[in-house]
Amino acid sequence: MDTIEEFISKVEQELDGIPKGSLTAQSNYRDIPEWSSMHALIIIALAETEYDFSLTGEDLRSCQTVQQLYDLIKSRKS
Amino acid sequence: MPAKIHAISYYLPTAEYTNEDFYSEFPNANRSSLEKIGVSSRRRVGKGETASDMAYAAALRLFEEHNIDPQTIDFLILVNLEPDYYTPPTSCVLHGRLKLKKQCGVFEYNHGCSAYVYGLGLAEGVIHSMGATNVLLLTSSVLTNTFHEKDRNSKYIFGDAASATLVTSSSESGLGPYVYGTNGSGYEKIIVEDGHARNPITETSFEEDIDEYGNISTQGNFKMDGVGVFLFSIHNVPSMISELLEKSGLSKDDPDYYVFHQPNRFLNETLRKKIGVPQEKFVHDFEHTGNTVQATIPIALKHLMDQGKLKPGTTVVLAGFGVGLSWISTVARF
């Protein structure tokens, strides 16, 4: 499993409209400018293809920060 | 009696809605994320034009482009969500308009993203069990009629189109096997809720709902839970394809092409990566039409045919998935 920094880097890369370094572990991903369902899909697809992890809509709703999302994926994978 | 796809044509209505038109209407929409969907323009059914008018036009194109005598058609199957009348079936009305012969069977069915592959199975079925030899399979989607004017997502993704396919009896099997499934408890994820038997239109039907992502629609308009449908697709389509390949005795590298229903390039790329299909075999082809629901697969196949890529011996995996929720796939051999 990647470190939180590697995870953040991958999320930023996939959401290619946002500047590198703009997301931190404590960022609420819903604060991404013009947060839309497409952003949610990008995060879900990243979890599937990079981490072989199935995020649900409920998972996205219950997590507030990038750190919480990372912790969720890491805990379910181990 | 086996069956195969013999010819395909399609019809697009004339009114175009480009991305420039979209961004004039929704100037704050996020361009970089919408670009991932993969559509740059789409068509919309004209005022006064019905779904059956579009199906009629597609059928005429088929006859003309492929030099087919309408009198050879002995079965017509129509998939259509917007009938001309409560009764009689629109497919019967079309039979008359197309001046098909009396010794011709006709029926229609209601399905969405899975409709085309279902239609191929039904066409093969009437050839096998009802003695048909030349089946005209027509699809028509006028989904844009159901959108709320502020439904940014639907207006970006979807376009209208009709398709016509001739499925003929054949000495060798050109279709099948089929793998299919349904999750009816997910029916609300893609829906026009009010306006039919379950929920007649009331004064609340057009009260605006804003979803958690800021997209606006109403109960009287088309609504899609984009995230829910994305999850449904990535959880059901890869396993369906594995099952189809196993049933067909094929490895994932054997088919020449994979032509899936085209709802969203980003979704289909995610599916391609999950299944492990090489990029050169996976067809993305809806940039200038958008998601045309039942017509995405035949439009992509027609383009492959026009490019000379469906030579005899070519094998194509077809997969439809979406509204219902439903999924179905088959192998087409040309």
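In the predicted model, helices α7(B) and α8(B) cross in a right-handed sense. Helix α7 spans residues 226–248 of chain B, and helix α8 spans residues 265–275 of that chain. Their axes come within 10 Å and cross at roughly 40°. From α7(B), the contact draws on B:Phe230, B:Ser233, B:Ile234, B:Val237, B:Pro238 and B:Ile241. From α8(B), B:Leu267, B:Thr270, B:Leu271, B:Lys274 and B:Ile275 take part. By class, eight of the residues in this contact are nonpolar, two are polar and one is charged.

Helix α3 covers residues 51–65 and helix α4 covers residues 90–97 of chain B. These two pack at an angle of about 45°, with their axes 11 Å apart. The crossing of α3(B) and α4(B) is right-handed. On the α3(B) side, the contact involves B:Ser52, B:Ala55 and B:Tyr56. These meet B:Thr90, B:Val93, B:Leu94 and B:Arg97 of α4(B). Four residues of this contact are nonpolar, two are polar and one is charged.

Chain B holds nine helices and 15 strands. The radius of gyration of chain B is 19 Å, close to the 20 Å given by the globule rule for 334 residues, so chain B is as compact as a globular protein of that length. Along the principal axes, the C-alpha atoms of chain B fill a box of roughly 55 × 45 × 35 Å. Buried residues account for 48% of the 334 residues in chain B.

The contact takes 17 residues from chain A and 21 residues from chain B. Helix α2 of chain A, residues 37–51, supplies the largest share of the chain A side, with nine residues. By class, the chain A side has six nonpolar, eight polar and three charged residues.

Methods: Residues are numbered from 1 along each chain as its sequence is written. Chains are lettered from A and ligands numbered from 1 in the order in which they are written. This is a predicted model: local features need pLDDT of at least 70, side-chain atom pairs count only at pLDDT 80 or more; totals for chains, interfaces and linings use all residues. Axes are lines fitted to C-alpha atoms, for helices over the stretch in contact, and angles run from 0 to 180 degrees between N-to-C directions. Helices (H or I, at least four residues) and strands (E, at least two) are DSSP runs, numbered from the N terminus. A crossing is left-handed if the near helix is turned anticlockwise from the far one by less than a right angle, and right-handed if clockwise. Two residues are in contact if their C-beta atoms, placed from the backbone, lie within 7 Å. Ala, Val, Leu, Ile, Met, Phe, Trp, Tyr, Cys and Pro count as nonpolar, Asp, Glu, Lys and Arg as charged, and the others, Gly among them, as polar. The radius of gyration is taken over C-alpha atoms; the globule rule is 2.2 Å times the number of residues to the power 0.38. A residue is buried if 20 or more other C-beta atoms lie within 10 Å of its own, exposed if 12 or fewer, and partly exposed in between; C-beta atoms are placed from the backbone.
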